[in-house]
Amino acid sequence: MLYKERTSGVTPNIMLQQILHDMYIDPELLAELSDVQKHILFYKMREEQLRRWREREAWDTLAQAEGLRPSKVKRASNKHIQWLLGEDGEVWVWVMGEGPGDKPYEEISEELIAERARLQAQREAEELWRQKEAEITKKFRDALANEKARILAEKWKVEMEDRKAAKILEERIHEEFKRKEEEERRRGEEQIRLQEEQRAKELYWTLKQAQLHCQASEKEEREWEEQLRRSKAADEERSRRAQRARDEYRRHSLRAIQKGTVAGLSTMFQELGQNHEQETRLYHQLPGSSPPSPLTGPDRTWERPLRPLSREVIVRWFKEEQLPRRAGFERNTKSIAPWFHGIISRESAEDLLENMTEGAFLVRVSEKIWGYTLSYRLQKGFKHFLVDASGDFYSFLGVDPNRHATLTDLIDFHKEEIITVSGGELLQEPCGQRDSPPDYHLLFE
């Protein structure tokens, strides 16, 4: 690991500055935030977007004024719409079925469907009849020609002398074929007529189904409008939540100014740091620990990554940076606070808080950021707040504008002051250890 000297003074909130610089937050980190933390963080990101936009607009205006960039000119469009006006000068509108002398819409619709079906069936019937007629004509013409050829061949073969009888026989046969042709035509016409009626019914029901489908589409459109209304209502609810988050942010800021929390606690932090001998006696009581350096800050610090990479890295961070700041200890004592826990998961924290009453809480070392997670017991369920410790102070990530000198100061502050207005979370009963050795023993070895 690389080491470097730590500069004196208070460093900015590194994690929050990184999020606002990139305008991006890791999904795993986002999942650790409470609803209020999410709303205020998005509110700050939106403020950063507006700041960048105003800065860019100001630069563009200055550049145009100095002639560095030509002004934007909108091109005129030749496209336009002209509405048909009525006698009263207003836009002319005709609603089918509601005009003077109009039939009801349902009757007009039925007539149009029936007429379209009849015309379509008629056209199809005419086409079928032309085909059928050509088939009948060709059939009997060919049959007549064949029969004539056969008769003539027989007559000429036997050399009939009575050509008149042959003529009469030929006419009789011709009449017989003519009669059969007429009968075939009548049957064909009847068949085409029946097909036309059947086709008209089919087309009628097809068009009727299309009309019903159109009505169903109108129903879907109404459902879509209802869904849009609900979406707008949800947007309004999100806006109200964002407003409550902004009010929460201003409330914390005002409270910090009124109480002078930052200045007072920072002074106490410096006074505690001057008593190095007392800290040495405190650490002699912990097995395997060595005397810490003064609270004003370690002489050197390790070069940590932007986010925790492993448990080993988190343990080293805690020993290098948090132990000198008395993270996890009760105020002015050598005892570890009952609410302090080691690197445990969200599920383990909720399991510890399961059988406790509303207001119970614990603080665990986070695996997502350089800091901690405050797990809080609700009447029904749990809440988890990320505590940023990446700088020289402790504060809720994105929610609490108050900067506390120590982790204990943050906990004590919210034993009297609620965390959020909407939730009214007040820290009441600390949740201690259940197993032996305690889950934080690796941090103090």
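I looked up Met-23 and got 22% relative accessibility, so Met-23 goes down as partly exposed (buried is under 20% relative accessible area, exposed is over 50%, partly exposed is in between, with a 1.4 Å probe and protein chains only). Before going on, a note on the ground rules: this is a predicted model, where local features need pLDDT of at least 70 and side-chain atom pairs count only at pLDDT 80 or more, while totals for chains, interfaces and linings use all residues. Residues are numbered from 1 along each chain as its sequence is written, and side-chain values use heavy atoms, with hydrogens and water left out.

Back to Met-23: its phi is near 55 degrees, a positive value in a residue other than glycine. I made a note of that because most residues other than glycine have a negative phi, and most peptide bonds are trans. Met-23 lies in the loop between helix H1 (14-22) and helix H2 (27-32). Helices (H or I, at least four residues) and strands (E, at least two) are DSSP runs here, numbered from the N terminus.

Arg-326 is another non-glycine with a positive phi, about 60 degrees. I found Arg-326 in the loop between helix H8 (311-322) and strand E3 (340-341). Is Arg-326 buried or exposed? At 8% relative accessibility, I count Arg-326 as buried.

Where is the cis peptide bond? I found it joining Ser-436 and Pro-437, with omega about 0 degrees. Pro-437 sits in the segment after strand E8 (429-430).

**Helix H9**

Next I checked helix H9 (residues 346-353), where Ala-349, Leu-352 and Leu-353 are buried. They cover an arc of only 95 degrees around the axis, so they are on the same side of H9; the arc is that of the directions from the helix axis to the C-beta atoms. What do the buried residues of H9 pack against? I got E3, strand E4 (360-365), strand E5 (371-377) and strand E6 (382-388), with contact meaning heavy atoms within 4.5 Å.

**Charged pairs**

Side chains of opposite charge can pair when their charged atoms come close. How many salt bridges does a search of the whole structure find? I got 29, counting a side-chain nitrogen of Lys or Arg within 4 Å of a carboxyl oxygen of Asp or Glu.

Then I looked at Arg-199 and Glu-202, a salt bridge with its closest N and O atoms 3.2 Å apart. They are 3 residues apart in helix H5 (residues 163-259), so about one helical turn separates them. Arg-199 comes out partly exposed at 30%, and Glu-202 partly exposed at 38%.

My last pair was Arg-331 and Asp-412, whose side chains meet in a salt bridge at 2.8 Å, N to O. Arg-331 is in the loop between H8 and E3 and Asp-412 in helix H10 (residues 407-413), so this pair ties together parts that are 81 residues apart in sequence. I also noted a network: Glu-48, Arg-51, Arg-52 and Glu-55 are joined by salt bridges that share partners.
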